[in-house]
Amino acid sequence: MPEVKEIIGGFLILSNRVRLGISPVIQVKGRHNIVYDTGGPNAKQYLAKELERQKIDPKKVDTLIISHSHWDHAMNPDLFPNAKIFIGKSEYEYGKNIMKSDWATPSYINRLYDGRNKELVDSEFEIESGVKIIGIPGHTPGTLGLEVETKKGTAVLGSDALFSAKSFLAGIPLLVFHSKQKAKESMKRMKKEGSLFYPGHDRPFTFDGKNIKFISDSVFDMQIVMPPGMDNLHYHIDTRKLK
Ligand SMILES: [Zn+2]
């Protein structure tokens, strides 16, 4: 059966100045060697390092699924030069005419796919037995999810249509750029069809109808540089210590 593995994990860290946009990159290994999402430009170096450390040869990734066009999810397809790219048809069309108020979709997003073997899909598309693309619009016009039949049940990779464990419980992603109604319907669908959930800015989790249980841990380290003579402010989050 296909296996799902986080290459890098997601976090949701808010600030009044910049958005950090820490999103996961996930590998699905079945007959195909699939990667779901590619992170932002601020994660390129870290992702390349992790691919090397985890002995994942990016040249051997044959399928790349871009959940949606936001800058923190879609920006590194060049790291996987031989992969066929799947993008939402509505997402790609939207990329040609982006709303002025949309701060998260770069104007040049579709150019990242120039010269690449790509397929535009909006609804169900079976990549192989047990691995299926699903349309989960709402957060953006053409958000794509991935359902994977694993030994532990159906894993739903939902990116920002799931957003976080808190958003999952609320029934709607923290941020909605396209349609709140569709975002709620997509969340409901994922909740119904999945037993393991991979959100766009949080750790993966299971849900028994009442409680969230995270299934992986993550460490985040941040420093704010202080003036000379003062120690830097140091934030270190290790989710193993949150229990
Ligand atoms: Zn997004």
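This is a predicted model: local features need pLDDT of at least 70, side-chain atom pairs count only at pLDDT 80 or more; totals for chains, interfaces and linings use all residues.

User: What share of contacts in the protein between residues at least 6 apart in sequence join residues at least 24 apart?

Analyst: That share is 59%. Two residues are in contact here if their C-beta atoms, placed from the backbone, lie within 7 Å. Residues are numbered from 1 along each chain as its sequence is written.

User: OK. How many helices and strands are in the protein?

Analyst: Five helices and 15 strands. Both are DSSP runs, numbered from the N terminus: helices are H or I with at least four residues, strands are E with at least two.

User: And what's the radius of gyration?

Analyst: The radius of gyration is 17 Å, close to the 18 Å that the globule rule gives for 243 residues, so the protein is as compact as a globular protein of that length. The radius is taken over C-alpha atoms, and the rule is 2.2 Å times the number of residues to the power 0.38. Along its principal axes the C-alpha trace spans about 60 × 40 × 40 Å.

User: Let's do the sheet. What's the strand order in the open sheet of six?

Analyst: The order is β1-β2-β3-β4-β5-β6, with mixed pairing. β1 and β6 (118-121) are the edge strands, each pairing on one side only. From one strand to the next the twist averages 25°. For angles, axes are lines fitted to C-alpha atoms, for helices over the stretch in contact, and the angle runs from 0 to 180 degrees between N-to-C directions. Two strands count as paired if DSSP finds at least two bridges between them.

User: Which pairs are antiparallel?

Analyst: β1 (residues 3-8) and β2 (residues 25-29) are antiparallel over five bridges, and K5 has Q27 in β2 as its bridge partner. β2 and β3 (residues 33-36) are antiparallel too, over four bridges, with V28 bridging to I34 in β3. A hairpin through three residues joins β2 to β3.

User: And which ones pair in the parallel sense?

Analyst: β4 and β5 do, over three bridges, and T63 has K84 in β5 as its bridge partner. β5 (residues 84-88) and β6 also pair that way, over four bridges. From β5 the chain crosses through helix α2 (residues 89-94) to β6, a right-handed β-α-β crossover. Right-handed means that, with the strands pointing away from the viewer, the path from the first strand over the helix to the second runs clockwise.

User: Where does α1 sit?

Analyst: Helix α1 (residues 44-53) lies across β1 and β2, running at about 130° to β1.

User: Switching to the core: which residues touch the most other members of the largest nonpolar one?

Analyst: I26, V28, V35, Y36, I65 and L146, out of 44 residues in that core. A nonpolar core is a set of buried Ala, Val, Leu, Ile, Met, Phe, Trp, Tyr and Cys residues joined through C-beta atoms within 7 Å. Buried means 20 or more other C-beta atoms within 10 Å of a residue's own, exposed means 12 or fewer, and partly exposed is in between, with C-beta atoms placed from the backbone. Buried residues make up 39% of the 243 in the protein.

User: What does I65 touch?

Analyst: I34, Y36, F86, I133, L144 and L146, leaving aside residues up to four places away in sequence.

User: Last one: where is G142?

Analyst: G142 is in the loop between β8 (131-135) and β9 (144-150). This glycine is buried, with 24 other C-beta atoms within 10 Å. Not counting residues up to four places away in sequence, G142 touches G88, K89, S90, E91, Y94, D122 and P137.
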